[in-house]
Amino acid sequence: MITLFHHPKTRSTRFIFLLEELGVPYQIRRVEVRKRDGTGAVDPANPHPHGKVPAIDDDGSVVFESSAITLYLTDRFPERGLGPQVGGRDRGAYLSWLAYYSGVLEPAFVSKFLHVEVPRGTAGWVAVEEAMPVLVRRLEHRPYLLGEHFSGADVLYGTTFAMFGQSPLMDKSPVIEAYAQRVIARPAFQRAQARDEQA
Ligand SMILES: N[C@@H](CCC(=O)N[C@@H](CS)C(=O)NCC(=O)O)C(=O)O
């Protein structure tokens with residue numbers, strides 16, 4: 001049984017979405033987290049090394065960090081078809097977009113949010129203004145990041161764009177808006193929202 005260490009309305013909510021997409025048994029363990037306003041605390045029950053969410057425990061195998069959890073879960077349940085497997089044609093693209101999410105896109109958004117200029121040539125990531133056109137080009141002629149089929153990578157990107165679409169962090173783009181809507185219109189996303197609120 002998979003346990004998701006979760007706090008409502010955080011990055012762990014999208015793993016309820018992924019687990020609902022996979023349709024496998026799981027349980028949610030609600031944990032406390034540190035908040036920006038100084039409230040909250042690291043919860044000793046949470047196996048993440050910094051007390052962040054998400055983390056999962058799969059019968060003793062602990063996985064933390066969003067891209068790693070996405071890959072772990074889609075590899076763990078290959079029959080669900082939510083991630084290309086080793087040797088598959090799109091495996092390289094899948095790994096690249098998962099790593100790009102954690103290594104480039106999130107740092108880009110966080111830099112912008114914190115008003116930190118991304119230094120050219122030295123940071124491992126780029127500014128949002130350089131990253132987003134790459135995603136627009138990628139999604140211009142395909143419904144999902146890997147083409148016709150929804151994958152675990154779309155859980156990360158689609159929910160991020162749905163969240164930032166209305167914020168000054170991201171310029172408006174019809175391609176990105178349509179993609180985000182496509183992702184959050186999925187029944188599993190709607191079920192995840194309901195479970196998040198009860199957690
Ligand atoms: N790099 C982590 C980030 C996780 C993260 O920062 N989660 C926030 C909630 S959205 C958190 O747990 N914050 C509490 C803290 O920083 O102690 C991932 O992608 O999984």
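Analyst: Sorted by class, the shell around the ligand has four charged, four polar and three nonpolar residues. Keep in mind that this is a predicted model. The residues that surround the ligand are Thr10, Arg11, Val33, Arg34, His50, Gly51, Lys52, Val53, Pro54, Glu65 and Ser66.

Let's follow Ser66 out of that shell. Ser66 also belongs to helix α2, which spans residues 66-76 and packs against helix α5 (residues 152-164). The two helix axes are 8 Å apart, at an angle of about 145 degrees. On the α2 side, Ser66, Thr70, Leu73 and Thr74 make the contact, and α5 brings in Gly152, Ala153, Val155 and Leu156. That gives four nonpolar and four polar residues, with no charged ones.

Is Thr74 buried or exposed? Thr74 counts as buried, because it has 24 C-beta neighbours inside 10 Å. Leaving aside residues up to four places away in sequence, Thr74 touches Leu82, Gly83 and Gly152. Leu22 is worth a glance too: Thr74 and Leu22 are 52 residues apart in sequence, yet 8.0 Å apart in space, C-alpha to C-alpha.

Leu22 takes us to helix α1 (residues 13-22), which forms a right-handed β-α-β unit with strands β1 and β2. So what sheet are those strands in? Four strands make an open sheet in the order β2-β1-β3-β4, and the pairing is mixed. β2 and β4 (61-64) sit at the edges with a single partner strand each, so one side of each has no neighbour in the sheet. From one strand to the next, the twist averages 20 degrees. Helix α1 packs on this sheet and touches β1 and β2, its direction making about 155 degrees with that of β1.

Four of its five residues (2-6) are buried, so β1 is largely enclosed by the rest of the structure. Five bridges join β1 to β2 (residues 26-30), and these two run parallel. With β3 (residues 55-58), β1 pairs in the antiparallel sense over four bridges. You can see both pairings at Thr3, whose bridge partner is Gln27 in β2 and Asp57 in β3. As a general point, strands of a sheet pair through backbone hydrogen bonds, either parallel or antiparallel.

Notes
Residues numbered from 1 in each chain as written. Predicted model: local features only at pLDDT ≥ 70, side-chain atom pairs only at ≥ 80, totals over all residues. Axes fitted to C-alpha atoms, helices over the stretch in contact; angles between N-to-C directions. Contact = placed C-beta atoms within 7 Å. Nonpolar A, V, L, I, M, F, W, Y, C, P; charged D, E, K, R; others polar. Near = placed C-beta within 6 Å. Buried ≥ 20, exposed ≤ 12 C-beta atoms within 10 Å, placed from the backbone. Pairing = 2+ DSSP bridges. Right-handed = clockwise from strand over helix to strand, strands pointing away.
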